[in-house]
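Okay, everyone, thanks for coming.

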Amino acid sequence: INSKKYFPHALKVLDAVAENNGAIELNTSGWFKDCKEQYPAFTILEAAALRQIPVIINPDAHHPDHVARNFAEASKILKTAGFVR
């Protein structure tokens, strides 16, 4: 997915999240859709890490077999993006 179009807007949202002590999610369901990547894109996760915004991992499960689906991969992506545990 080409996030260049919406990236400047995403940064403004991240600034508002950080200013209000909010959090965001990494949604793993995108890996099972046409885009084949998590939501949000990696560059947005990097920007969130720079702002020290907390992130939760969400599988967006609609079936019991999908609970915690791809959490290990999501954890690796967060670490690569700059989140340290």
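Before we count anything, a quick word on terms: a helix here is a DSSP run of H or I with at least four residues, a strand is a run of E with at least two, and both are numbered from the N terminus. Also keep in mind that this is a predicted model.

So, how many helices and strands are there in the chain? We've got three helices and two strands. If you read along the sequence, they come in the pattern α-β-α-β-α. The C-alpha trace spans about 35 × 30 × 20 Å along its principal axes.

Next, the strands. In which sense do β1 and β2 pair? Strand β1, residues 24–27, and strand β2, residues 55–58, pair in the parallel sense, over four bridges. If you want one to find on screen, take Glu25: its bridge partner in β2 is Ile56. And to get from β1 to β2, the chain goes through helix α2, residues 42–50, making a right-handed β-α-β crossover.

Let's turn to contacts and surface. Take the contacts between residues at least 6 apart in sequence: 69% of them join residues at least 24 apart. Of the 85 residues, 31% count as buried.

Okay, that's my bit, thanks!

Terms used. Residues numbered from 1 in each chain as written. Predicted model: local features only at pLDDT ≥ 70, side-chain atom pairs only at ≥ 80, totals over all residues. Heavy atoms only, no water. Pairing = 2+ DSSP bridges. Right-handed = clockwise from strand over helix to strand, strands pointing away. Buried < 20%, exposed > 50% of the residue type's maximum accessible area, 1.4 Å probe, protein only. Contact = heavy atoms within 4.5 Å.
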